[in-house]
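Trainee: Can you go through this structure with me? I'd like to begin with the cavities.

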Amino acid sequence: MSQYDYDKSTAFLGEWESYQWRVLLLLSLTIVPSGFTGLSIVFLGDTPAHRCHIPAAANLSAAWVNISIPPEPERTGESGAAEPSQCARYKLRALREFMERGLEPGDVNVSGLETEPCLDGWDYDTSVYTSTIITEWDLVCDDSWKNPLTSSINFCGVLAGSFVSGQLSDRFGRKVVLFASLALSNVISFLQIFSPSWPVFCAFYFVIGMGRISSYVTAFVLGMEVLSPRVRTAFSTAGVCLFFAAGYMLLPLFAFFLRDWKNLLLGLTLPSLALVPLWWYVPESPRWLLSQGRIQEAEVLIQKAAKINKMDAPQIIFKSLQVAPPSEKKKTSYNICALLRWGSLRWMSLTLWIIWNSVTIAYYGLSLNTSNLHGDVYFNCFLSALVEVPAYVLSWVMFHWCPRRLCLSSSLVLCGGFLLLIPFIPQNLTSFAVALEMLGKFGVTTAFTIIYAFTAELYPTVLRNTALATCSMAARLGSIIAPYFIYLGRFWVSLPYVLMGALTVLTGALSLLLPESRGLPLPETVGQMQPFPGCCVMKTPSGVTDEDESIGAVSPVS
């Protein structure tokens, strides 16, 4: 079956018909929970203002309690004055001795007194949050390292999910893995509410990361394989992304009204139950069925699609496969090692892994940084989500009219350019610096959208889900360290922007090495892939021709 046969064989279904609209909308709906949960740690794990708790048993007067916290010169407020320490207090025994001698705070130079850590816990500001996981388990001061680690553990789960979901999807089917992943995420998210400790919370968060990325990538691949060419472009660059942005924009709304972390988790979990009925309406991928040699099942799905569109389907849809010799109907077996086996495929995979890694560092670094920006945390998060909408629209326009490499490269350079300007902005122009950061977020979001669709077009059906999953897996290495990029600002406030800006500019240049895929049909076999610059046309194992590599051919790759 040639690379043109599938799209030609199913062309009678039309483009923007009822079936295509239904699949596009239903698969896009499964992405909304990813927008809910993907960045919920911005609120679940935010650190409110805090200070050492002074217990009533200390028997200090109100005046002595008020001066019990020393100033911290490294932290200054808007007025330029030093903020009270969040991790130390004057020794209570010394303060009590002064009070028992009848002295008032104004009579004593307390700045020279010895300090002690917060032995009795902390008092947290509740004006923004009723509680977060930080206040629940006191993840501050000596335990503050656990805060970014929480996000990193979640992204480790995403890494693990990226590793296994692609191979499971290529083996058991897109639909089964999609709904199994959604179910897993929701069940574990509900159990996470009852976490008795931070380690248990992180263990649940790891599994949630696995389920979230599995459902996202599988839904994306399913749409790319089911939908017709024009609808496929709209789905990959606008449909999926706009629904993700919708979930992302709803996150600060939920957080604004549900300021206790357990209530917020419950509020973000329950809406996903509405996705259960979609099992009976979302189809399996006919392309995947064909790659497994299940031709009759694929034809049944296409005939059902024709019925929904009120069109007549041919009695035999995939003629070239129906008449193929029995030896060509056996299943091709590929695994993750195939991505590194042949020269052109290997260099393309390595290049994409580097680009995905860099894009993810910039995207999550800027997204997780919203709670540290000047202004209201809820508005900043909403603004960070809102700026993604025009980015998705632009990516759809660029993907429709421009070469893929130019789209990806220009958006990465745009992001890096804006971020590299931030160190030159005066400190009193915080609003302008925030605007530049949002423009950087706009650029990297555009790149993130394009790289998903671009990658799906470069790989063949027999490897597409595994390839996308491994690219996502490589990207998670970036997302794992992204929280620590933010904390580099403690050494120099502009250091994260310089690093992320330089990284995105360099990868923008690197992306120009990728082969162009605009206007070409999705490859079905390894032999039909576009060659990487400097490499020969794709070579397959010795003795195996391109025809043998077609869907259903016998070519096991161990």
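Mentor: The second largest cavity has a volume of about 130 Å³. A cavity here is a set of points on a 1 Å grid over the protein atoms alone where a 1.4 Å probe fits but cannot get out. The volume is the space filled by probe spheres set on the points, which are joined across faces, edges and corners.

Trainee: What kind of model is this, and how is it numbered?

Mentor: It is a predicted model, in which local features need pLDDT of at least 70 and side-chain atom pairs count only at pLDDT 80 or more, while totals for chains, interfaces and linings use all residues. Residues are numbered from 1 along each chain as its sequence is written, and side-chain values use heavy atoms, with hydrogens and water left out.

Trainee: Back to the second largest cavity. Which residues lie nearest its centre?

Mentor: Pro33, Thr37, Ser185, Asn186 and Ser272, out of 14 lining residues; a lining residue has an atom within 4 Å of a point.

Trainee: And which helices supply at least two residues of that lining?

Mentor: α3, α9 (174-192), α10 and α12 (261-269) each do. Helices are DSSP runs of H or I with at least four residues, strands are runs of E with at least two, and both are numbered from the N terminus.

Trainee: How does the lining of the second largest cavity divide by class?

Mentor: Into four nonpolar, nine polar and one charged. Ala, Val, Leu, Ile, Met, Phe, Trp, Tyr, Cys and Pro count as nonpolar, Asp, Glu, Lys and Arg as charged, and the others, Gly among them, as polar.

Trainee: What is the volume of the largest cavity?

Mentor: About 250 Å³. It has 16 lining residues, and Tyr216, Phe244, Tyr364, Phe448 and Tyr452 are the closest to its centre. By class, that lining has ten nonpolar, four polar and two charged residues.

Trainee: Which helix gives the largest share of that lining?

Mentor: α20, with four residues. Helices that supply at least two residues each include α3 (32-38), α10 (198-226) and α20 (430-458).

Trainee: α10 again. How do the axes of α2 and α10 cross?

Mentor: At roughly 170 degrees, coming within 10 Å. Axes are lines fitted to C-alpha atoms over the stretch in contact, and angles run from 0 to 180 degrees between N-to-C directions. The crossing therefore makes α2 roughly antiparallel to α10, a label for angles over 145 degrees.

Trainee: Which residues meet there?

Mentor: Tyr19, Val23 and Leu27 in α2 meet Ala219, Leu222, Gly223 and Val226 in α10, where contact means heavy atoms within 4.5 Å. Those residues divide into six nonpolar, one polar and no charged.

Trainee: Where is Asp138, then?

Mentor: In the loop between α7 and α8 (146-172), and Cys141 is in the loop between α7 and α8 as well.

Trainee: Is Cys141 buried or exposed?

Mentor: Cys141 counts as buried because its relative accessibility is 18%; buried means under 20% relative accessible area, exposed over 50% and partly exposed in between, with a 1.4 Å probe and protein chains only. Asp138 is partly exposed, at 27%.

How values were computed: 1 Å grid on protein atoms, 1.4 Å probe; cavity = no way out; pocket = protein on both sides within 12 Å on 5 of 7 lines; lining within 4 Å. Parallel < 35°, antiparallel > 145°, perpendicular 65-115°, else oblique.
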